[in-house]
Amino acid sequence: MKPWISSLLLAWISILHCTWAEFFTSIGQMTDLIYAEKDLVQSLKEYIRAEEARLFKIKSWAEKMDILTSKSTSDPEGYLSHPVNAYKLVKRLNTDWPALENMVLQDSTTGTKYRSTLSADDSFGMGKTAYNDGDYYHTVLWMQQALKQHDDGEDAVTSKVEILDYLSYAVFQLGDIHRAVELTRRLISLDSSHERAGGNLRYFEKLLEEERLGKRLNKTSETQPATQGGIYERPPDYLPERDVYEALCRGEGIKLTPRRQKRLFCRYHDGNRTPQLLIAPFKEEDEWDSPHIVRYYDVLSDEEIERIKELAKPKLARATVRDPKTGVLTVANYRVSKSSWLEEGDDPVIAQLNRRMHYITGLSVKTAELLQVANYGMGGQYEPHFDFSRRPFDSGLKTEGNRLATFLNYMSDVEAGGATVFPDFGATIWPKKGTSVFWYNLFRSGEGDYRTRHAACPVLVGSKWVSNKWFHERGQEFLRPCGSTEVD
């Protein structure tokens, strides 16, 4: 081979060697870039999902606040599947759950900032509905807020004159004539031709003059404001434990002392060596010592819960209470929920749950009531009540004896609110999906345990699903199968 050919071949080999090396290097770099791009895309997708979740929460709160002030045309019974209007819903929630009042009234003293607000027109609408309902306390509450928002320069369809018209008369109804005069004069300064304001002012001033002259000494209490400074006491109602009940719903109130807390334990429960539970006992936790309240974990699976809800939904109807005077079942403002009753024959899952509750408690289901399923929507509640009957027991439910015990299944978590509270001794039991709580309503003597008066707190955010079984005293072989050591 000629020397120049050899040199050329060597040169080409050298060139090809460098080129292939550079080529493979480039391939490696491109591969790294592709993987880096994939990582970047994945990171961006995760960021977008996180932002979407955050925005969904914001939208959810905004929609919930919109529900409070917008009529639902798809719900023939009212708002949120409950026969209550927006005012009554908010009234109940801002009475029993001050956090909502802080949110809609923007109370800056709490240090909490909320994304959703009610406008001055919304506040006026709430106040006007309260006025028409004869609730002057909440009329003043909402009208004062509407006036504040108006004074702060918020644009509103409602005029300041309209607000002052309602506010001045509501304040008068609460007995604060001096402030009624002040507000009426302010109204007249804005509209001197107002048809009612002039007459009201003359009447209010006449009352003040008569009082000053001593002609109304025997009626002084009617003209005295509940408190000074535009803040009025809420009128008394029929619940003697109202303050305690509301505090417990807020997560405040009575707490167990460290000494009593030491008496609470967690354990495995086999139903006093019930054969069906020996291999797979339930986890049992003490919630309260006296009266003894326990919680059981993993009583219902997600699949069972969905099946029970599916069976109950077509039968849901507004929950009723028995009128203490007539004995007739009727709806009541203090119980806002929908409920239905399920029998064993409705589905195998009902029969299975009944057996499970029997194994856990040792109590017979033969004399128990049907499984009751209840749904509490936003604002749903059941104020303090007894499960047992304080009158001779009505056998209209085809059961025997009084309600011995309550087995309550939580079938959903609740975002805010919805606790089960016992005002007499201060227990607050929070919903946990799949768990159940159990307590006795009667002493061994058969007398009712009045400490077991309890309530379902208003649901603030979300939806609360529960089911319960009431065991009756007749047909039970023994009265304390769950390890209770309480005495009469």
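Colleague: How many aromatic pairs does the structure hold?

Modeller: This predicted model holds 18 aromatic pairs.

Colleague: Why is the pair of F172 and Y203 called edge-to-face?

Modeller: The ring centres are 6.1 Å apart, and a pair requires centres within 6.5 Å. The planes stand at 75°, and angles over 60 degrees count as edge-to-face; therefore the pair is edge-to-face. It links distant parts of the chain, with F172 in helix 6 and Y203 in helix 8, 31 residues apart.

Colleague: What makes F172 buried and Y203 partly exposed?

Modeller: F172 has a relative accessible area of 16%, and buried means under 20%, so F172 is buried. Y203 has 43%, which falls between the limits of 20% and 50%, so Y203 is partly exposed.

Colleague: How do you know that F386 and Y450 form an aromatic pair?

Modeller: Their rings lie 5.2 Å centre to centre, against a limit of 6.5 Å. With 75° between the planes, this pair is also edge-to-face. F386 is in the loop between strand 10 and strand 11, whereas Y450 is in the loop between strand 15 and strand 16, 64 residues apart. F386, at 15% relative accessibility, counts as buried; Y450, at 48%, counts as partly exposed.

Colleague: Which residues do ring pairs link into a cluster?

Modeller: The cluster consists of F124, Y131, Y136, Y166, Y169, F172, Y203 and F204.

Colleague: What places the charged end of R403 over the ring of W470?

Modeller: The charged end of R403 is 3.6 Å from the ring centre of W470, and the distance limit is 6 Å. K464 lies over the face of Y376, at 5.0 Å from the ring centre.

Methods. Residues numbered from 1 in each chain as written. Predicted model: local features only at pLDDT ≥ 70, side-chain atom pairs only at ≥ 80, totals over all residues. Heavy atoms only, no water. Phe/Tyr/Trp six-rings, centres within 6.5 Å; stacked < 30°, edge-to-face > 60°. Helix = DSSP H or I, 4+ residues; strand = E, 2+ residues; numbered from the N terminus. Buried < 20%, exposed > 50% of the residue type's maximum accessible area, 1.4 Å probe, protein only. Lys NZ or Arg CZ within 6 Å of the ring centre and 35° of its normal.
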